[in-house]
Amino acid sequence: MEATVRKKENIRYCICISLLLVMAIALLIRTFFGMDWSDESLYIANAYRFYQGDMFMVEDWLPTQMASILLLPFMYIYCPFFGMNGIILFFRVLYLLFQTAIAIRVFFFIKRYYVGKFPDIISFVSALLYLTYTKFNIASLSYNTIALGCLLYFVILIYDNQNKINNWKNIFAGILYAIATICSPYMAVFFLIVTIVIIFNKNNNYKKIWLYVTVGIAISLTFFVLWVLGTSSFTDIFKYLPNVLKDPENPAKPVLETLLISFSQFYTLGKARINGLLFILLVSIAWRITRKNVTTERQKWVNVLLWTMFFGLSMLKLQNVDPVFLPIYIAFVALEIMILIEGKRYWLFIGMGIVFGIATTFASNTGLPGTVNCYMLLTVIAIPISMEFLEINRAEEISLRSKFNFSAICVFVLMVGITYLMMVRTRFIDVYREDVLSAQTQQITNGPAKYLYTTETDKEAYDFYYDLLQKDVDESDRVYFTKNIPMLYMFTEAKNGAPTAWRIALTSPVLEKYYHEFPEKFPTYVMVTKGSSPILTHLSKQNPQEGWMIDQLNEKGYQKTEYDYCTVYQLEE
């Protein structure tokens, strides 16, 4: 009998894992469609800068450059054989493999700790939720995607070690946390705080777990320092670090002001929805403070009413909400239920989600959209904890039991199901900073975006830029593309001659300071892009050809050439 049960269980495992792999294959097909000139290209273009030999934190003044070093090992493997041809697709496939592996790990984690009915289905849906989510739908290795995946895996490993400590797992967890900190440096502050707390904690298990986590972090830090010393010197890094941290687009603000700005943007999701959400949370917290258990019929019915109101308000005019915010609604279901019941088993998901959100708030200038990743740590456990809540209530012998269960299940399945389907639709249909998916009909045949499909307009622009740079530029040049098309830095073997690969307008005061420090980096080839499509128009706007940089180009006798897609300033030989 036991062998039969185990066999059936293994069959269900195989079916669920197979379905996850089918979804991964569907996402693999999706990776061929869409081309992002800006954000996705920046992640790779910045790593390419270090691959070409620029000094870390010295010659590159991009605040988010630390995450670029995580892409370098893969670039050293790929580029000697294929150059930059197809590099964007390569990193998309790597991300999909990374995401699929973590999704499978999520499946087995939920399966192990979930105590309700239908464990295979619940575990599968939770894993699928992570697999089909990618912030802004930029499905490539970046500081956003790597940090989320590593922190999710970190939490899982820590949970696994609470009962039976495995030192190797704790060391690996430390390595994962270190990688996440490279992507979001403010996470280091949390590590220091927890270390201090655990030192004064009497629980020896916590101390042992954190000790080996620290060993993993130390190992990662050692490799990081060795790499830095091989490319730069700490003297130079400390000299130029203020320039790296002084981000004109994200000026430093007081701590309280930063948090208030983030909350105010959260509030703009809809006053009705947020007021309802806050009301539910306050009532739930009050119940937890005043009562140990939510067991009376009246409390159960009030909870059903609140739950229904929450979902109803969340879904109100949801079509007008940016899809990037969808995880928020599912995440707060988990938060509410964990307040109502003693969901101590999942406390680390909440804690890590909050810490990750705060760290992202201080590191990003994108406000609320930049923090959505943190909600995924709660979203992953929203379904199992909600179903466990239903199981707890179903076990209570009360006269209104069947009505309660029916109401709660209907509301939960309908609202979460709709929200989840919208997230899946976003993952497959929406194309970041591009036209609709059906317009991606033209395949690119060369350069970093080789093999990808894009729109006819962007294909024409891409071919023009690629052919022009192949003709005009060689590896001895230094190039500067403005305002915000990092993709172009990957079109040539010429070195990056700009302070960053991100949007540096011709009028930026950073240029004068940078070239004063590094006169040898002054570009021999400057391209000012023009809008030939809606997205290129957006990326090229507010970039007048005036100021100190233009004066320098004119004084040095650069030849100016006008094209339909750009203006070029080239140093005459």
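**A predicted model, from one buried tyrosine to the sheet**

Good morning. Tyrosine 130 is buried, with a relative accessible area of 2%. Tyrosine 130 counts as buried because its value of 2% falls under the cut-off of 20%.

Where in the chain is tyrosine 130 found? This residue lies in helix H5, which covers residues 119-131. Which residues does tyrosine 130 contact, once its neighbours within four places in sequence are left aside? The list consists of Phe98, Gln99, Ile102, Ala103, Leu148, Gly149, Leu152, Met376 and Val380. Let us take isoleucine 102 from that list. Tyrosine 130 and isoleucine 102 are 28 residues apart along the chain, and their C-alpha atoms are separated by 8.5 Å.

Let me now turn to the chain as a whole. The protein chain has 573 residues, and buried residues make up 55% of them. Its secondary structure comprises 21 helices and 7 strands. If we consider contacts between residues at least 6 apart in sequence, 74% of these join residues at least 24 apart.

The next topic is the core. In soluble globular proteins, nonpolar side chains tend to be buried together. In this model, the largest nonpolar core contains 160 residues. Which of its residues touch the most other members? They are Trp37, Phe154, Tyr480, Met487 and Met527. Helix H4 gives the most to this core, with 14 residues.

One of those residues, methionine 527, deserves a separate word. Leaving aside neighbours within four places in sequence, methionine 527 is in contact with Tyr465, Leu468, Leu469, Tyr480, Phe481, Thr482, Leu488, Cys566, Thr567 and Val568. Please keep this residue in mind for the sheet.

In what order do the strands of the open sheet stand? The sheet has 5 strands in the order E4-E3-E5-E7-E6, and the pairing is mixed. Strand E4 (495-496) and strand E6 (558-562) are at the edges; each has a single partner strand, so one side of each is left without a neighbour in the sheet.

Strand E3, residues 478-482, and strand E5, residues 525-529, pair in the parallel sense over 4 bridges. Within that pair, valine 479 stands opposite tyrosine 525 in E5. Methionine 527 falls within the residue range of E5, and its contacts include Tyr480, Phe481 and Thr482, which fall within the range of E3.

On to the next pair. Strand E5 is joined to strand E7, residues 566-571, by 5 bridges, and these two strands run antiparallel. Here valine 526 has tyrosine 569 in E7 as its bridge partner. Strands E6 and E7 also run antiparallel, joined by 5 bridges. Threonine 561 stands opposite valine 568 in E7.

My last topic is empty space. Rolling a probe the size of a water molecule over the atoms shows where empty space is left. The count comes to 3 cavities of 30 Å³ or more.

The largest cavity holds about 160 Å³ of space. Its lining has 14 residues, and Arg30, Phe33, Arg92, Asn137 and Ala139 lie nearest its centre. By class, this lining has 6 nonpolar, 3 polar and 5 charged residues.

The second largest cavity holds about 70 Å³. Among the residues that line it are Leu42, Tyr43, Asn46 and Tyr143. Helix H2, residues 39-51, provides the largest share of this lining, with 3 residues. How does the lining of the second largest cavity divide by class? There are 7 nonpolar and 4 polar residues, and no charged ones.

Finally, we come to a pocket. The second largest pocket has a volume of about 640 Å³. It is lined by 23 residues, and those nearest its centre are Ile69, Leu70, Pro73, Phe74 and Ile179. Several helices contribute at least two residues each: H3 (72-82), H4 (87-113), H6 (143-160), H7 (167-183) and H9 (204-231). Which helix gives the most to this lining? It is H9, with 6 residues. The lining of this pocket divides into 22 nonpolar residues, 1 polar residue and no charged residues.

Thank you for your attention.

Methods:
Residues numbered from 1 in each chain as written. Predicted model: local features only at pLDDT ≥ 70, side-chain atom pairs only at ≥ 80, totals over all residues. Heavy atoms only, no water. 1 Å grid on protein atoms, 1.4 Å probe; cavity = no way out; pocket = protein on both sides within 12 Å on 5 of 7 lines; lining within 4 Å. Points joined across faces, edges and corners; volume = space filled by probe spheres on them. Nonpolar A, V, L, I, M, F, W, Y, C, P; charged D, E, K, R; others polar. Core = buried A, V, L, I, M, F, W, Y, C linked by side-chain atoms within 4.5 Å. Buried < 20%, exposed > 50% of the residue type's maximum accessible area, 1.4 Å probe, protein only. Contact = heavy atoms within 4.5 Å. Pairing = 2+ DSSP bridges.
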